[in-house]
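Visitor: Could you walk me through this one? I have not looked at it before.

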Amino acid sequence: MSAAVTVWVILLALVALFSWRLGALGTRSEERRHAAAVARRFGLPAGAVDQAFVRRVARRQRFVQTGVLLGLIVTTFVDAWLVPLYAGLALGAVADQLATPRLPPDTPRVAHATDARLRAYVPEWLLVAAAAAAACGPALAVLWAVAPTTEPRALHPEISTIETVALALASLGGLAVSLGLARFVVRRPQAAGSPADLAVDDAFRAQAVRDALHITAVVSLATCFVLGLKETEIGGSLRHVGGMLPVVLLLGIPAAGILHEFTAGPKHWRRRLGRETATG
């Protein structure tokens, strides 16, 4: 068995394992276990975990896992690091939102009394962190412009100015795509017939918004690592600072995710949206 086949077998096995543990393979016990865990993470009452909620959670996981799998397939044809994988994750979450059926026009409907914004679903600091990650690419490009090198490493020759600008723009493009998908999720009309339905809908929207921000993180990380290869041993202090920036970003991304979980970030929407609702 070739090394490539072995790697693919391992990856597919991991996807299957995570799909099973996340209740995406149709096993009722795992579906209900994961649905109960999701309800706790998002601050939903225990009574919310009915059969409809279990099916809703399982459906979302199937969309997300399918997106991840498609992303893995794309990585075999496109040399784009892990960008397709995380793009698939985010697109799977958005596809799940699109798959949520709308209520018939004449059906009583519950919605928020005021328009919801991105910061109602994820903390402001997480949006700032995403913007900061996107700024890392342009920051590296500026560092290389003000601190040029004369002896690039043999293994990592200098990237042209055009390539540097393109990578910086790609980093900002990742942020634009993330925020565009997140705004689409937030602005889509709710399909809620009761306050309880609206709470469940908000919980899934909050998760989809966070998933959309993964595109910013992984695109910025990929572009910074490519730009980081321009760091040289003989460069000045700015060169060494720039060379460490990809490492800081690599450590900062999981740290932001952990902080979001430990500060009850998934329940943030309850504090910001748990107000008066409107019926129509």
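Guide: Here are some notes on a helix pair and on salt bridges. This is a predicted model, in which local features need pLDDT of at least 70, side-chain atom pairs count only at pLDDT 80 or more, and totals for chains, interfaces and linings use all residues. Residues are numbered from 1 along each chain as its sequence is written, and side-chain values use heavy atoms, with hydrogens and water left out.

Visitor: At what angle do α4 and α7 pack?

Guide: Helix α4 (residues 83–99) and helix α7 (residues 195–228) pack at about 160°, and their axes are 8 Å apart. The two are therefore roughly antiparallel (angles over 145 degrees count as such).

Visitor: How many salt bridges are there?

Guide: A search of the whole structure finds eight, where a salt bridge is a side-chain nitrogen of Lys or Arg within 4 Å of a carboxyl oxygen of Asp or Glu.

Visitor: Which residue does E31 pair with?

Guide: E31 forms a salt bridge with R62, with the closest N and O atoms 2.9 Å apart. E31 belongs to helix α2 (residues 28–41) and R62 to helix α3 (residues 51–75), so the pair ties together parts 31 residues apart in sequence.

Visitor: Is E31 buried or exposed?

Guide: E31 counts as buried, at 10% relative accessibility, while R62 is partly exposed at 33% (buried means under 20% relative accessible area, exposed over 50%, partly exposed in between, with a 1.4 Å probe and protein chains only).

Technical notes: Axes fitted to C-alpha atoms, helices over the stretch in contact; angles between N-to-C directions. Helix = DSSP H or I, 4+ residues; strand = E, 2+ residues; numbered from the N terminus. Parallel < 35°, antiparallel > 145°, perpendicular 65-115°, else oblique.
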